[in-house]
Amino acid sequence: MEKVVAIIPVYYPKTEHLLNIKKIFKQVDKLIICDNSPNICYEIINKFPEAEYLFFGKNLGLSAAFNIVLKNPKYQWDDNTYIIF
């Protein structure tokens with residue numbers, strides 16, 4: 001079965017980021033939020049409990065955040081998975 005996954009890195013997310021996440025969340029099968037902020041954003045966790053929230057505790061940058069998710073054996077990527085960055 002085909003599935004669409006969105007990987008969204010954030011850094012000090014603001015209201016506009018939460019609105020964008022909300023719009024994207026409705027359009028994908030799985031949402032992974034990578035938080036590069038130094039503090040956990042409980043607002044994201046509370047507003048999107050079905051999303052996967054990864055907290056890094058420091059700013060790793062976009063590419064590193066994407067690579068951590070892509071290389072994580074926890075996720076089973078296959079030919080039927082489409083990833084949106």
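These legends walk you through the salt bridges of a predicted model, one close-up at a time. Because the model is predicted, local features need pLDDT of at least 70 and side-chain atom pairs count only at pLDDT 80 or more, while totals for chains, interfaces and linings use all residues. Residues are numbered from 1 along each chain as its sequence is written, and side-chain values use heavy atoms, with hydrogens and water left out.

**View 1. Lys30 and Glu52 meet through their side chains in a salt bridge.** A salt bridge here is a side-chain nitrogen of Lys or Arg within 4 Å of a carboxyl oxygen of Asp or Glu; for this pair the N to O distance is 3.2 Å. Lys30 sits in strand 2 (residues 30-35) and Glu52 in strand 3 (residues 52-55), 22 residues apart. Strands (E, at least two residues) and helices (H or I, at least four) are DSSP runs, numbered from the N terminus. Lys30 is partly exposed at 29% relative accessible area, whereas Glu52 is buried at 16%. Buried means under 20%, exposed over 50%, and partly exposed in between (1.4 Å probe, protein chains only).

**View 2. Lys74 also forms a salt bridge with Glu52.** Their closest N and O atoms are 2.3 Å apart. This pair links distant parts of the chain, with Lys74 in the loop between helix 3 (62-71) and strand 4 (81-84). Lys74 counts as exposed, at 53% relative accessibility. Together, Lys30, Glu52 and Lys74 are linked in a network of salt bridges.

View 3. Glu43 is partly exposed, with a relative accessible area of 41%.
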